[in-house]
Amino acid sequence: MKLIYCLLLIFCGSVFTSAQKMYTVQGTVQDFHDKTMLENAVVKIGGSTVKTDKKGKFSFDKIPAGEYSLTAQHPDCHDYTENIKVDQDIHVVITLEHHIKDIETVTIHGNHKSNGSLIVKTIDKKEIERNATDNLGNLLSKISGVATLKTGNNIAKPIIHGLYGSRISILNNGVKLAEQEWGVEHAPNVDINNFQHIDVIKGASALKYGSDAIGGVVIMEPEIFPKKDTIKGSVNLSGISNGRGLGLDVDVAKIWKNGWAVKSGGSIKKLGDQHTPDYNLMNTGMDFSSFNFTVQKNEYDKGISFDYYLTNQNIGIYRGSHVGNNNDFYNAMTLKIPVYTGDFSYDIDNPRQVIEHHIAKVSAFKRFENIGKVSATYSFQYNHRQEYDVRRGDLKDIPSLDLALMTHQFNLNDLLEREKWSLETGIDASFQNNYSDPATKARRLIPNYDKYAAGIYSVFKYKISPELNAEAGVRYDFTRYDVTKWYDKSDWSNRYADSYREFYIKTDKNRVLTRPKLNYQNVSFNAGLEYHPNANFNLKFNYAKVGRTPNIAELFSDGLHHSAAVIEIGDMGLKNEDGHQFNLTADAKFNVLKGLNVSVNPYFFITKNFINEIPTGVQNTIRGVFPVWSYQQIDAKMYGIDLDINWKLTDNLSYTGKGSYLYGQDDTHNEPLILMMPPNFSNALQFKKENWNNFYFNLENQTFLKQSRFPVHNASVTIYENGVEVNKTVDLSTPPAGFSLWNIGTGINLSKNLSAGLIVNNIFNVSYRNYLNRMRFFADEAGRNFILNFRYRF
């Protein structure tokens, strides 16, 4: 019996000793994607709690054997929970979703802390909503260094540091708009109300968006939805005095806490003829409509989204820009009050353009612990453009230009982030097919073509010290055009027959059928530094060596461009542009009154084989008399400076100033470059009182000086005066006088969900002409305009 008791005691003692055996649990807490060790993370196991040290380490001693719930928390992260079994000493690596930096890229505007040496300016949602009836080009001109190339007031294309057209990439929710190959006057087909914020990257440093974006990139980003169960949206109704128009935009979203979201919205806008201070602008109305739809499932580590966008536009072109003979053309160019004024009308007659643009996109991403965030996007675009000329009889209802462009794009991107460095690598591929309908019974401005393009890029960023960051990128692009084009026999013989015999197919009477197949290759690279010694100063420098392939319009334009009222002549012999670009920006904060911020951005661009379009004469056709603009290749340079000042004078009163100067020179012909932005500056005062129902009042003055640097490319026409034939010179060169405009804007919340806003542009109804408006030869700019809007949010 004693033996049995002894054995039982030994067994129980053994069990008790085993149950009380203690172990050590230790480990590290780090960021999921860049592996940064996280300090002051709270780690709990059982009833014990510790915090991580500066190296992200934690340790628990004397943890009894058993099963536990291990949790980790950090202010900037999602909570982490894991069930563990403690039966030995263990080491745990905890990775937290440290997402604050991702949120900053959406919510922090102005200089975007996360963009390294890129020079970025942003228009936020508040500014977009206040200008809901405007177009993208006019909206972006609120940024220093950004202007607009216009055809009237309804067609506006952004210009960044003197560069425009296909030298600027415009991204609609990650999809590069495919439409600018058809000419510099074609406005981007987007609805600004679809987006939460719009970023402008100045310069050629953003290689991931394409090497052709040597002027910069416009990135339009939609809202990122919060993870909660809700329905939200807004309705905005606007009235526009100049054009007696109305605008309506609506959006609604259903959001779920699990990451699912469905959003839909759209806009309509109707305008009649606009007017200058002195006369009506005949046939300048427009109809605009848009629709968008999104369904997505997004979490931090993975997500998928389907997006669809549709825009429709019917835009009248000022009737006075299309004339029938030399006498009318000369009068249209020289009369102070044009012949075509007429009474106000909502009718949109010829000349006009009708555009339909579809975008369908599917995108997905997945975060991997070792290889980073992998994203893939496929998009399809269909762009149908019809331009109607002033034609008689049965031809009146047949477009003179009918183009259908289909574009497929694919992008695969990987972003790998670590504590000291990041590496972003990707590939792009695209295919375009353009069909120019011969049923127009007019010479085809743009031929039928297929375009194949592919690119590969890599961008490396390194944190040298807490104050100094460096980055470098490289990109290779290949482009192939496969074109079917008819040339006049004389043009083919005089310009291309000797150099491009391999493209010849056949001759049909006085026309020659050709099949040009052109290949282009470009290598681009950039290097940048960001120096941020303290919270009050930030310095960025970026150098880029860029190459750009000629677009299809520059190579093959051949005929009347109706929306611009000019004849355009391309050159198949154009080579790649090859340039070097330098950008510097210094941002400083000063403790003056309530805070003064100053930003200075000097830049320099020198390029060989720069593709320039200039007027080279006037041509009398069966459809009227039009200036001829031809593409040529030159050596050129541009340099300038942008200045931004934001000064908070009191808690309620602030001052905003901006100014830009640009110098452009054609070194080949030793003359100024054409269509360079004139020196300009603006000053604005804003009074804001949040406890007065978010009341604000803004007074702004915009001043554009006369452009004193311009090339002289005038034309000679023969007209009849009193029955006598006379040669006259038509001034296609001299810029108009400078001008100064005053604008006001004000708004207030009428209730919790309802707000009202009023904008008055050109308060004093000043008559002026804009050098960067291709219609400036024929008429003044639009006069005073009141825009009243009411927005209801739910």
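1. Strands, as the word is used here, are DSSP runs of E with at least two residues, numbered from the N terminus. In that numbering, N283 sits in the loop that runs between β17 (260-271) and β18 (286-298). The model discussed in this note is a predicted one.

2. The backbone at N283 deserves a look. Most residues other than glycine have a negative phi, and most peptide bonds are trans. N283 is not a glycine, yet has a positive phi of about 65 degrees. Is N283 buried or exposed? With a relative accessibility of 6%, N283 counts as buried, because the cut-off for buried is under 20%.

3. N694 is placed in the loop between β37 (680-689) and β38 (695-704). Its relative accessible area is 39%, so N694 is partly exposed.

4. The next backbone point concerns a peptide bond. The bond from N350 to P351 is cis, and its omega is near 5 degrees. P351 belongs to the loop between α5 (326-334) and β20 (352-368).

5. Confidence comes next. The average pLDDT of the chain is 91, and 94% of the residues score at least 70. Where pLDDT is low, the predicted coordinates should not be read in detail.

6. On the overall fold, how many helices and strands does the chain have? The secondary structure comes to 7 helices and 43 strands. The radius of gyration is 31 Å, close to the 28 Å that the globule rule gives for 794 residues, so the chain is as compact as a globular protein of that length. Taken along the principal axes, the C-alpha atoms fill a box of roughly 145 × 70 × 50 Å.

7. Two totals describe the packing of the chain. Of its 794 residues, 53% count as buried. Among contacts between residues at least 6 apart in sequence, 66% join residues at least 24 apart.

8. Rolling a probe the size of a water molecule over the atoms shows where empty space is left. The count here is 8 cavities of 30 Å³ or more. The largest cavity has a volume of about 240 Å³. Which residues lie nearest the centre of the largest cavity? They are G152, N153, L281, T284 and M775, out of a lining of 19 residues. That lining divides into 8 nonpolar, 8 polar and 3 charged residues.

9. N789 is in strand β43 (residues 785-793). A relative accessible area of 10% makes N789 buried. Leaving aside neighbours within four places in sequence, the contacts of N789 are R130, N236, L237, S238, S755, A756 and G757.

10. L653 is in strand β35 (residues 653-666). At 29% relative accessibility, L653 is counted as partly exposed. L653 and Q686 are 33 residues apart along the chain, while their C-alpha atoms are separated by 5.7 Å. With neighbours within four places in sequence left aside, L653 is in contact with K648, Q686 and F687.

11. N519 is a residue of strand β28 (residues 517-534). Its relative accessibility of 45% counts as partly exposed. From N519 to Y452 the C-alpha distance is 9.4 Å, and the two residues are 67 apart in sequence. Neighbours within four places in sequence aside, N519 is in contact with F478, T479 and R480.

12. N40 counts as partly exposed, at 44% relative accessibility. Which residues does N40 touch, not counting those up to four places away in sequence? They are K51, T52, D53 and H74. P222 is 182 residues from N40 along the chain, and the C-alpha atoms of N40 and P222 are separated by 34 Å.

How values were computed. Residues are numbered from 1 along each chain as its sequence is written. This is a predicted model: local features need pLDDT of at least 70, side-chain atom pairs count only at pLDDT 80 or more; totals for chains, interfaces and linings use all residues. Side-chain values use heavy atoms; hydrogens and water are left out. On a 1 Å grid over the protein atoms alone, a cavity is a set of points where a 1.4 Å probe fits but cannot get out, and a pocket is an open set with protein on both sides within 12 Å along at least five of seven lines; lining residues have an atom within 4 Å of a point. Grid points are joined across faces, edges and corners, and a volume is the space filled by probe spheres set on the points. Ala, Val, Leu, Ile, Met, Phe, Trp, Tyr, Cys and Pro count as nonpolar, Asp, Glu, Lys and Arg as charged, and the others, Gly among them, as polar. pLDDT is the predictor's confidence in each residue, from 0 to 100. Helices (H or I, at least four residues) and strands (E, at least two) are DSSP runs, numbered from the N terminus. The radius of gyration is taken over C-alpha atoms; the globule rule is 2.2 Å times the number of residues to the power 0.38. Buried means under 20% relative accessible area, exposed over 50%, partly exposed in between (1.4 Å probe, protein chains only). Contact means heavy atoms within 4.5 Å.
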